[in-house]
Amino acid sequence: MIPPALLDRVLFTEEQVNTRVAEVAAEISARYRGKDLKLIGVLKGSIYFLTHLSRHLTIPVKIDILAISSFSARWQSPGLVRIEKDLDEPIEGQDVLIIEDIVDTGLTLRYLLQTLAGRGPNSIAICTLLDRTSKRLVQLPVEYRCFEIDDSFVVGCGLDHRQLYRNLPYIAALRRPE
Ligand code: PRP
């Protein structure tokens, strides 16, 4: 529960999130029909969305998880991304979908796309819960997005404020933290 003094407004209710995630999952299931799909989650935020989305997929899926350090937004060192925990298995010859909770500048995903593309997957695409294209610094092919958002500071469905509120089943905008 977000303290009332911190909450600005609910952007997407639990029902809206559920409906939209199911719609995007149906698109993905249709595109990858007849194939096995590898979902790659990026710790920590994407784990909630990856789980939610995967439950709606009707094709066989495997998952793998990456952990990264990203200084792109906070430290204003564009593109400085490092893998802290790599994938457990190779992705060569596989159809890969990178799952994100939010894309802002695109610098994190540009790095991940380049790195993972170098491992020889059959295909590689991006799926994000939230897309904030107004913050984009680099061109990026985002094949699947649930919601486009404005410049709000958002929490819920995996997104945090000081590591809190990731578990909320809706997406809310906070009053800007001091
Ligand atoms: C978020 C998100 C992406 C990255 C996107 O992660 O999950 O990985 O920021 O930002 P960019 O497009 O500007 O590169 P965050 O650093 O908040 O980590 P978290 O998932 O552990 O909360």
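**View 1. Classes of residue around the ligand in a predicted model.** The shell around the ligand has four nonpolar, five polar and seven charged residues, where Asp, Glu, Lys and Arg count as charged, Ala, Val, Leu, Ile, Met, Phe, Trp, Tyr, Cys and Pro as nonpolar, and the others, Gly among them, as polar. In total 16 residues surround the ligand, and the closest are E100, D101, T105, G106 and T108; a residue is near a molecule if one of its heavy atoms lies within 4 Å of it. This is a predicted model, in which local features need pLDDT of at least 70 and side-chain atom pairs count only at pLDDT 80 or more, while totals for chains, interfaces and linings use all residues. Residues are numbered from 1 along each chain as its sequence is written, and side-chain values use heavy atoms, with hydrogens and water left out.

View 2. A polar contact is a pair of N or O atoms within 3.5 Å. A backbone N or O atom of G106 lies 2.8 Å from an oxygen atom of the ligand, an N or O atom in the side chain of R166 is 3.1 Å from a ligand oxygen, and a polar side-chain atom of D160 lies 3.3 Å from an oxygen atom of the ligand.

**View 3. The aromatic pair.** The structure holds one aromatic pair, a term for rings of Phe, Tyr and Trp (its six-membered ring) whose centres lie within 6.5 Å. The rings of F12 and F147 have centres 3.9 Å apart and planes at 20 degrees, so the pair is stacked (planes under 30 degrees apart). Both F12 and F147 are buried, that is, under 20% relative accessible area with a 1.4 Å probe, protein chains only.

Note on methods. Polar contact = N/O pair within 3.5 Å; in protein donor to acceptor, adjacent residues only side chain to side chain. Phe/Tyr/Trp six-rings, centres within 6.5 Å; stacked < 30°, edge-to-face > 60°. Buried < 20%, exposed > 50% of the residue type's maximum accessible area, 1.4 Å probe, protein only.
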